[in-house]
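Morning, everyone. I have one structure to walk through today, so please bring it up on the screen.

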Amino acid sequence: MLKGREFPTELNETLLILIPKIPNPQSITQLRPIGLCNVAYKTIAKNRLKLVMETLVAPTQCIFIPGMQITDNIIIVQEMLHTMRWKSGETGYMAIKIDLEKAYDRLRWPFIRETLLEENLPQIMVDTIMNCLSLVNFTVMWNGAKTQAFTPSRGVRQGDPLSPYLFVLCIERLNYLIENMVTNGAWKPVYASRGGPPLSNLFFVDDLILFGEATMEQAKVIKHCLELFCSASG
């Protein structure tokens, strides 16, 4: 519906509501910003990526694979921890849980565009999605009154139908990086059974669990991998 037309900025005016994460919050970090996008915008954004997500993400992000649920990854983690607990030998295994705090707010827009282009999405689709991200005006609702409007320079909005899909696609870049390190032999994955498939990571949207051998060398490899991704994504 926007093909060949200029993106109307008024379509992307968003009211920002701050939802407390805990009772009696004392700082801004204890508030979750939720963007109330208008109905016309949601009509454009909804399902724009949903239909192709299955072909764009790895099975480690199981919530986007038909027939799989996030509980499947929880069961796998429990099995892996059981294997690690009973493993014998000189070299043990380790599991690292990472919470990507405020990751929605920090994703760089050029990184998002690069991610969409690398997935070979149509240029017109990429341009429309980036317009949805960048041509936005926020107005915060504070104590029943609206503040002065402002424009962000990075991140994706809580409450935007596109945001979960864009975030998962960006996290998939980390999965590619980990898989390359596993293929090159730098990252030593965990095997749940002799001859079983290797496991290096599992994703839970904005949380992830990394598996590897419990050595200082592997800890440095994992740290290097995370630093590369953080530097690129913001």
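**Aromatic pairs and a helix contact**

Start at F150, which is partly exposed, with a relative accessible area of 37%. Keep in mind that this is a predicted model.

Now its partner. F138 is at 8% relative accessibility, and the cut-off for buried is under 20%, so F138 counts as buried. F138 and F150 form a tilted aromatic pair. Their centres are 5.7 Å apart, with 40° between the planes. Where do they sit? F138 is in strand β4, residues 137–142. F150 is in the loop between β5 (145–146) and α7 (163–183). The pair therefore ties together parts that are 12 residues apart in sequence.

How many aromatic pairs does a search of the whole structure find? Two. The other is F111 with F229, and this one is edge-to-face. Centre to centre it is 6.0 Å, with 80° between the planes. This pair links distant parts of the chain. F111 belongs to helix α5, residues 109–118, and F229 to helix α8, residues 216–233. They are 118 residues apart. F111 and F229 are both buried.

Stay with α5, and look across to α7. The two axes come within 10 Å and cross at roughly 80°. That makes α5 roughly perpendicular to α7. Who meets whom? From α5 we have F111, I112, E114, T115, L116 and E118. From α7 we have L166, L169, C170 and R173. By class, this contact has six nonpolar residues, one polar and three charged. Note F111 again: it pairs with F229, and it is among the α5 residues that meet α7.

Definitions and conventions: Residues numbered from 1 in each chain as written. Predicted model: local features only at pLDDT ≥ 70, side-chain atom pairs only at ≥ 80, totals over all residues. Heavy atoms only, no water. Phe/Tyr/Trp six-rings, centres within 6.5 Å; stacked < 30°, edge-to-face > 60°. Helix = DSSP H or I, 4+ residues; strand = E, 2+ residues; numbered from the N terminus. Buried < 20%, exposed > 50% of the residue type's maximum accessible area, 1.4 Å probe, protein only. Axes fitted to C-alpha atoms, helices over the stretch in contact; angles between N-to-C directions. Parallel < 35°, antiparallel > 145°, perpendicular 65-115°, else oblique. Contact = heavy atoms within 4.5 Å. Nonpolar A, V, L, I, M, F, W, Y, C, P; charged D, E, K, R; others polar.
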